[in-house]
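User: Hey, I've just opened this one and I'm new to it. Can you walk me through it?

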Amino acid sequence: MAVARWGRLRTELRSVRTRVLTTTLAVLAVALLAVGGLTHYLRLVDLDESVQRDLVQEAGELQRLAERGPLRPGAPFSDDLDARSQERFTDLRRLFYSFMTTTVPGQYQSVLAVIDGEPIFEHADRSRFELDDPGTLAAVSERALPGQTVVFDLEQDGRQLRLGVISVLLDEDPRQGYLVVGVDMGAQRAIILHSLWRYLGVSALTLGVAGLVAYVLVGRVTAPITRLRRATEQISPDDLGQRVPVAQNDSDVGQLAVNFNGMLDRIEAAFAQQRQFLDDAAHELRTPLTILHGNLELMDEQDPADVEETRALLLDEIERMNRLVEDLLLLATAQQADFIRPGALDVPVWLGRTMERVRALGDRRWALESRAEGRIVADGQRLTQAVVQLAANAVKFSGPGDSVVLGAAWAPGPARPGTGTPGRHLEVWVRDTGVGVAPEDQQRIFERFGRAESGRTVEGSGLGLAIVAAIAQGHGGTVVLHSSPGQGATFTLRLPDSPPAAPADPAPGASASATTAGTSPPARAGLGT
């Protein structure tokens with residue numbers, strides 16, 4: 001049981017549904033990771049650039065303040081020169097005081113003014129990180145460069161800070177001043193990373209929902225493939241009847257199932273044809289082989305007359321076997337696409353030549369009853385073969401002085417597919433005045449090795465009428481029989497004026513292409529010969 005379950009699990013994991021679902025989710029996951037990762041990476045890059053711009057801006061504002069001088073008493077803060085006293089700063093302390101009182105640091109910033117290494121002013125908001133601790137002051141003193149702005153990163157009590165040390169020099173004040181602007185980079189990066197984790201959580205939820213939806217949708221799309229796989233597991237040479245259920249065939253997968261079912265139909269028909277051929281051959285060849293074997297055993301080698309008689313009998317039996325094998329092979333090829341090779345056929349010319357052929361079959365009163373004018377698209381050789389077989393059949397079951405009549409005429413047929421124009425078919429008949437066929441035998445005689453149980457008792461292979469039926473069906477037509485015991489028989493080939501694009505698949509028994517009728521063909525003008 002465990003082995004069977006493991007086998008089913010492995011099959012399911014290798015199924016098209018699982019592979020498509022896995023591929024879809026993998027592509028979606030990679031896309032989400034790529035978009036999220038790139039977006040947050042760009043946010044980190046933008047953070048660095050934004051901090052750099054803020055530090056440059058702080059340095060620029062301090063520079064402008066130093067150049068424009070302090071505000072006039074009572075004047076509001078403004079960059080307008082009219083609000084300035086037009087006096088330049090001469091004292092670093094006063095410059096820093098004016099800057100600190102007119103500048104509001106950002107949410108993650110702290111500002112410190114340093115003169116000669118000593119902190120002078122720091123922003124009043126003490127809730128932010130402090131820059132006047134000894135470690136920070138030591139790092140500032142070590143990195144600061146007179147006349148330049150230096151930017152560096154510093155870790156302070158677990159914080160990742162970025163410090164901008166802006167050098168301030170006044171001609172009137174010999175002291176060295178620095179404005180230190182600190183930015184808490186760690187806190188801002190933590191916000192971005194937290195956003196990334198939230199994005200990954202939402203992406204995972206999205207993948208889960210997308211996986212469920214895709215599982216259902218892919219299952220519907222690949223259902224024919226699943227049914228196809230299960231059907232193939234149950235198909236064997238002994239059971240070719242399995243078919244894949246198809247709900248709709250407007251998709252590629254549905255069409256695949258339809259094509260697979262069609263392939264199974266063809267394979268099943270081919271297997272049935274092979275089985276029937278083997279059965280027919282085994283059934284019919286067993287008797288002549290038994291006759292050959294028995295006569296050879298009983299033959300007296302010392303008696304020349306017995307040897308000659310046995311030799312003649314064996315040659316006759318071998319000839320019958322050869323004819324039987326040829327007929328079986330002909331019926332076996334009746335299902336192939338090239339069995340019928342249609343071409344333009346002049347009906348009256350063909351009928352006249354066929355009449356000349358059949359006259360040599362026996363001493364009968366031969367007559368050509370009607371000639372149909374015009375042309376038909378058909379295989380002339382196969383039609384000649386069918387008519388000659390019907391004529392030979394008529395000779396077998398009639399006697400000297402009986403009539404055998406051939407004829408052909410056009411008759412209305414069904415409308416041509418796709419055009420709506422009236423169609424027509426050609427009727428070619430062979431009528432004899434022999435013993436006829438009993439009603440109970442009229443269907444059986446078209447089957448392979450089928451023989452009438454009454455009336456027609458002449459020995460034969462029983463394949464002649466089956467061959468005629470196969471030729472008619474190959475042209476998309478039928479064979480119609482009208483007969484009564486003692487009143488002769490009329491066999492009529494009904495052929496469309498053009499054969500189908502591909503020969504129809506004959507049934508395992510050729511009787512499907514032969515029908516019987518209770519009325520004779522329409523009256524025709526007699527043209528005796």
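Predicted model: local features only at pLDDT ≥ 70, side-chain atom pairs only at ≥ 80, totals over all residues.

User: Where does Phe446 sit in the chain?

Analyst: Phe446 is in the loop between strand S10 (423-432) and helix H10 (464-474). In space, its C-alpha is 5.2 Å from that of Leu465, although the two are 19 residues apart in sequence.

User: OK, zooming out. How many helices and strands does the chain have?

Analyst: The chain has ten helices and 13 strands. It runs to 529 residues, and 40% of them count as buried.

User: And what about the surface of the chain?

Analyst: The accessible surface is about 29,400 Å², with 56% of that belonging to carbon and sulfur atoms. There's also a nonpolar surface patch of about 370 Å², made by Leu205, Val209, Val213 and Leu217.

User: Which helix is Leu217 in?

Analyst: Leu217 lies in helix H5, which covers residues 185-234. It counts as partly exposed because its relative accessibility is 47%, which falls between the 20% and 50% cut-offs.

User: What lies 3.1 Å from a polar atom of the Gln109 side chain?

Analyst: That's the backbone nitrogen of Gly106.

User: Last one: what share of contacts with a separation of 6 or more is between residues 24 or more positions apart?

Analyst: Those pairs account for 64% of such contacts in the chain.

Terms used:
Residues numbered from 1 in each chain as written. Heavy atoms only, no water. Patch = residues over 30% accessible without salt bridge, like charges linked within 9 Å, V, L, I, M, F, W, Y side chains within 5 Å. Areas by Shrake-Rupley, 256 points an atom, 1.4 Å probe, with all protein chains shown as cover. Salt bridge = Lys/Arg side-chain N within 4 Å of Asp/Glu carboxyl O. Helix = DSSP H or I, 4+ residues; strand = E, 2+ residues; numbered from the N terminus. Buried < 20%, exposed > 50% of the residue type's maximum accessible area, 1.4 Å probe, protein only. Polar contact = N/O pair within 3.5 Å; in protein donor to acceptor, adjacent residues only side chain to side chain. Contact = heavy atoms within 4.5 Å.
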